[in-house]
Amino acid sequence: MRCVAVGLAAWLAVILAGCRLAPGHPPDPDSRPDQVLDFATLYDQNCAACHGRNGQNGPAIDLGNPEYQALIDDASLRKWIANGMPGTEMPAFAQSAGGMLTDAQVDVLVAGMRKAWRAQDAFAGAAPPAYAPAAAGNAGDAQRGQQTYQVRCAGCHKAGGEDIASSTYLSLVGGQALRSIIIAGRPDIGQPDWQHDAPGGKAVTPLSAQDVDDIVTYLGTLRSAATTTVSAQGGGK
Amino acid sequence: MPGMKRAAGRVYAWLERRLQLAAPVKDAVLHPVPRNTASWWYVFGSAAFTLLFLQIFTGILLALVYVPSAGEAWNSLNVLNHQIPLGWFLRALHGWGSNFMVAIVLIHMAQVFLFGAYKFPRELTWILGVFLLLMTLGMAFSGQVLRFDQDAYWGLGIGASIVSRVPWIGGGLVHLLLGGPIIAGATLSRFFTLHVFVIPGAMLLSAFLHVWMVLKLGINEWPMPGRLVSRATYVDQYNQLTHEDGLPFVPGAFWKDLVFSGAILAAVAVCAFVFGPYGPGGQPDPSIIQTVPKPDFFFLWIYTVLSYLPPAMETPFILIAPIAGIAILLALPFYASEGEKSWHRRPVAVLVVTTVAVCWAVLTQLGTTTPWSPHMSAWSSDPIPVSRLHALTPLARAGAVVLQAKQCRNCHSIGGLGGERGPALDDVATRMTMDQLRFKVVTGGGNMPAYGKNLSPPEIEALVTFLETLHPANEPPAYDPAQQQAIEAAQPSGSAP
């Protein structure tokens, strides 16, 4: 009789002590999706599909490129994430713009990208053209842009209206994304940065701010030549 | 010590003088049962009875902490899970006890049916049993509602949509069930009352009557092929059997009941310990839309049936099938109150039980494995495998972005990631030509939405260009032979590609 009682008490004690370790012990309750403030989680859930895990090898621009992180300022980052890039496939994420993220979460994303992907001296001392065009709307010279394009880009990108110079492709990409890609490059897919834009990706005279304006303006004229513009579609979602 | 014994004896005598329970209890305990019914097949009823008491006991303990208000219910379950020592275990016991009880009651019922135990004179025992089954299911359902998490919302939503199909009074019934037009605080109060007062009260009463009749009418004898039941002779035959070849109920048959009930309780405890309590799942906040609610196991098959029925059949089926099923169960002992009891000579009965069991298993299996709902966040969280993006043209890469941006991934997986409503797209190019792809995207069909109006022509071009690249390296994309011929005819044969 006493044996049974002692055994029972011991069993109870084990259960009580070990109950946190029991396989059936419930996990902590899910926090609300709008209370998640962990950069890795937020990025994986909201951005990884388009911008790639770790900010590279996705279909859209590689946010993890240190040159890109050095190029763009916090305000622009926050603006694109919160409000999306109208007329492109980059959606708006802030709740104020119809998305699912709170302002605090957008801030976590900005800070987290900086911490994870910004590198010291990404440009190796060189000064790239500015992130944003000097005048609103890339007011460069389309004619000059076409010439620069032929010299600096067409060698890798086929000349005859194909590939990136096709109006179909350009209808899906905004001017800012083109700028970002020309200046910072996309190391994950082999697009060189502004200092290496020459067949073979060799170091050449870097593109000037004027050159970048011109090329983006030129590519813009190809896009508007297309019958449909994406901006008419509202882009976004 | 002897003094105490004498005192206890006096208290007992005082009580017995007034209650006079000793004789009937002794009767019940020692009444003879046929020797061959003291079998392991006859233990399910008592196990169900034991589980009922486990549920009442754990339920009372839970009610000490649970707060039946819409704002507090979910939190109070989390308090039980995380702040009260072993609170989670208590919840798990109650949840698994419920599962075991539904299962045991169903097994008990199948056994009684196969052993012909519902025949004369045990018709009323069977009928009460049918009501006990319905009440057990009612408890399982209302218990799930008390969790008041997203799954509860889900279960209620389905329940309400079934009820709302009743002609004419459907709307009124929904109002009655939910305590208003929508799921709200009043709904919870209603289900709390049902789960804690109304159904358990009725259940206890019915269960006692059920057991009372079992004791009074005797436990069904082991069915022998060829020994037919007839109203005129059955009772005499039964009494003869119990006297010639009988055992006192205790301990002759009772020890098996005890052992089995103990084993079931242990199994409940092990399941509770290993698998833990049910939920509570996500908060019951309709503004959180990133969820995939699931019904509890026992109600999954209803979901499957609903989603496979053609829409025109749904209403008649939902309204007629349950009523017909219950009516058949209730009518059974009147339709077949005499005759053969043994399953050896009742092929139809065996067939019915097997069919029902197989159907239920298959439907439940489908319910657990079929991907019912899209993955709401696949479009922004599930990357396309890097190998699929390798060496794409810019246009195809833009198409991959469109595929994500237009949320195709919520229904279509690539590389095993993404929703499964639609077919996986990993090698869609081997199945469809460019034109077929374009047509499918624009016009939809099946459960695939038509995207014609939501995509610009460049978006469609980019998307189809990307889809066309989705084929294994060693298997070329599908092509249209007619078109291929036309192209070849247009080209002079000399020009190499």
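A polar contact is a pair of N or O atoms within 3.5 Å; within protein, one atom must be able to donate a hydrogen and the other to accept it, and residues adjacent in sequence count only if both atoms are side-chain atoms. The structure is a predicted model, in which local features need pLDDT of at least 70 and side-chain atom pairs count only at pLDDT 80 or more, while totals for chains, interfaces and linings use all residues. Residues are numbered from 1 along each chain as its sequence is written, chains are lettered from A in the order in which they are written, and side-chain values use heavy atoms, with hydrogens and water left out.

Domain 1 of chain A puts 16 residues into the contact (heavy atoms within 4.5 Å), and domain 2 of chain A puts in 15 residues. The two domains bury about 1,100 Å² between them, 58% of it from carbon and sulfur atoms. Buried area here is the accessible area (1.4 Å probe) that two parts lose on being put together, summed over both.

Six residue pairs are in polar contact between domain 1 and domain 2 of chain A, both residues at pLDDT 80 or more. Helix 4 (residues 66-71) of chain A gives the largest share of the domain 1 side, three residues. Helices are DSSP runs (H or I, at least four residues), numbered from the N terminus. The domain 1 side divides into seven nonpolar, six polar and three charged residues. In this grouping Ala, Val, Leu, Ile, Met, Phe, Trp, Tyr, Cys and Pro are nonpolar, Asp, Glu, Lys and Arg are charged, and the others, Gly among them, are polar. One salt bridge is counted between the domains. A salt bridge is a side-chain nitrogen of Lys or Arg within 4 Å of a carboxyl oxygen of Asp or Glu. A:Asp62 and A:Arg186 form a salt bridge, with their closest N and O atoms 3.9 Å apart.

The interface of the two chains follows. Chain B contributes 46 residues to the contact and chain A 42 residues. About 3,600 Å² is buried between chain B and chain A, 70% of it on carbon and sulfur atoms. B:His82, B:Pro394 and B:Arg397 supply 15% of the area that chain B buries against chain A, more than any other three residues. Zero salt bridges are found across this interface.

Conventions
Helices (H or I, at least four residues) and strands (E, at least two) are DSSP runs, numbered from the N terminus.
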